[in-house]
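Dear colleague,

I am passing on a structure for you to look at, and below it you will find what turned up when I went through it. Please read the notes with the coordinates open beside them.

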Amino acid sequence: MTTTDRVLREVESARDELVDFAAELIRIPTVNPPGDLYRECAEAIGRRLGEFGYDVDFVTAEDSAEHSDEHPRVNVIGVRPGQRPRPLVHLNGHFDVVPVGAGWTVDPFGGEVRDGKLYGRGSADMKAGLAAAVYAAEAVRRAGVELNGTVEVSGTVDEESGGFAGVAHLAEIGRIAADRTDHVIIPEPLDVDRVCLGHRGVYWFQVTAHGRIGHGSMPFLGVNAIEQMGTLLEEIRTGLGAALEQRSTAMPVAPPAARRGSININSIIGGQAGEPTQTPCVADRCEAIFDRRFLIEEGFDQAKQEITDLLGDLSRRDEKRRYELSDLMVVHPTLTPEEDPLVHSLRGSIDAVLGRPAELVASPGTYDHKHVARIAGVESCVAYGPGRLEQAHQPDEWCAVDDMVDSAKVMALTLLDLLG
Ligand SMILES: [Zn+2]
């Protein structure tokens with residue numbers, strides 16, 4: 001029997017263990033916000049890694065804004081050295097999950113398996129992927145393979161809220177870094193036959209329109225900030241929004257409709273909103289929050305400049321208009337080249353396990369790849385894991401057990417290939 005066959009057999013015989021481990025993680029409701037039970041979940045992962053021969057560390061992001069005694073930001077990282085420290089493959093999964101929301105017909109934290117699907121909040125996104133990564137590396141060990149290089153597995157917090165106390169923190173303290181880490185696989189739910197090379201950029205910003213308060217019976221004596229905002233929204237709809245429709249990226253973003261830049265209005269608050277008693281006043285303030293997704297070809301500077309120019313232009317056309325722009329969050333686009341050895345290896349493994357070619361995609365949203373690329377400086381990073389993005393954050397979220405097993409096989413063969 002070849003080494004490959006032995007490893008694949010070990011994944012197959014660990015099927016139930018793999019599912020049980022993912023279910024165990026789902027039963028720990030690590031809801032973010034606020035970041036519940038992170039320590040408990042990190043410990044559950046750490047225990048399993050300890051049993052599987054890893055040196056385990058818990059890394060708490062104590063200095064992060066998100067950390068508190070009540071909701072500590074505890075990450076876990078396991079290292080299993082091979083014959084040499086490098087190459088090093090790091091498998092990273094976030095273990096925070098989004099709130100449950102309405103519409104569930106199963107227990108969101110039951111970890112129930114029904115008709116070949118593991119159900120629960122965080123099943124697809126991404127406790128199944130994290131469990132698959134752990135068992136991929138374990139199958140290699142159980143097959144008796146002595147790896148040349150090192151395997152690391154981390155379980156991290158806060159991906160759903162930006163990952164600053166999670167992967168960003170591990171990168172900042174040098175636990176994920178170009179001088180020690182060669183390749184990073186993030187088993188986000190991109191589907192079992194797709195390799196995700198990166199993502200578009202995000203520019204999240206607030207515009208405040210300032211007016212002048214006046215009596216509602218004589219609005220001509222004030223300046224209505226809501227009307228100023230209305231003008232801006234119309235300009236965005238007909239001007240910038242229409243222009244974005246015409247631009248497209250060469251990145252293989254899936255779904256293809258997301259190969260364009262976009263701008264979404266997240267929220268708008270104006271006038272005396274939320275105040276218990278209304279008075280007849282002209283609204284002197286209106287705030288709106290925008291979510292601009294930009295393409296790698298556009299870049300952040302251009303995306304921001306277009307907003308600055310638009311606001312400047314509107315103010316010049318009518319001196320009563322006053323807008324203030326503030327940045328809330330910037331995520332730069334990232335793309336791992338197709339020729340990267342990790343991409344090459346995963347494609348080969350997908351072909352070997354599933355008997356069909358892998359599809360290369362890019363994500364319409366963002367995930368922890370950004371921190372690996374920009375803070376750690378590790379170029380060789382992809383998202384590959386079981387489950388479908390359409391399941392993420394949905395009621396009755398699930399991940400197919402067969403996909404968990406297949407993705408574990410793919411990751412195991414990739415570890416063999418890169419470190420064997
Ligand atoms: Zn995720």
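The domain bounds used here come from an automatic or database domain assignment, and the model itself is a predicted one. On that assignment, the protein chain has domain 1, made of 3-199 + 333-419, and domain 2, which covers 202-331. The C-alpha centres of domain 1 and domain 2 are 37 Å apart, and the contact between them draws nine residues from domain 1 and nine residues from domain 2. On the side of domain 1 that touches domain 2, strand 14 (residues 359-363) supplies the largest share, three residues, and the residues of that side comprise six nonpolar, two polar and one charged.

Turning to the sheet, four strands form an open, antiparallel arrangement in the order 10-11-9-12. Strand 10 (262-270) and strand 12 (322-331) each have a single partner strand, so one side of each is left without a neighbour in the sheet. The twist from one strand to the next averages 20°. Strand 10 is joined to strand 11 (residues 285-294) by eight bridges, and Ser267 has Ile289 of strand 11 as its bridge partner. Helix 6 (residues 225-245) packs on this sheet, touching strand 9 (201-210), strand 10, strand 11 and strand 12, and its direction makes about 175° with that of strand 10.

Lastly, helix 2 (residues 15-26) packs with helix 10 (residues 401-419) at an angle of about 110°, their axes being 10 Å apart, which means that helix 2 is roughly perpendicular to helix 10.

Best wishes

Key: Residues are numbered from 1 along each chain as its sequence is written. This is a predicted model: local features need pLDDT of at least 70, side-chain atom pairs count only at pLDDT 80 or more; totals for chains, interfaces and linings use all residues. Axes are lines fitted to C-alpha atoms, for helices over the stretch in contact, and angles run from 0 to 180 degrees between N-to-C directions. Helices (H or I, at least four residues) and strands (E, at least two) are DSSP runs, numbered from the N terminus. Angles under 35 degrees count as roughly parallel, over 145 as roughly antiparallel, 65 to 115 as roughly perpendicular and the rest as oblique. Two residues are in contact if their C-beta atoms, placed from the backbone, lie within 7 Å. Ala, Val, Leu, Ile, Met, Phe, Trp, Tyr, Cys and Pro count as nonpolar, Asp, Glu, Lys and Arg as charged, and the others, Gly among them, as polar. Two strands pair if DSSP finds at least two bridges between them.
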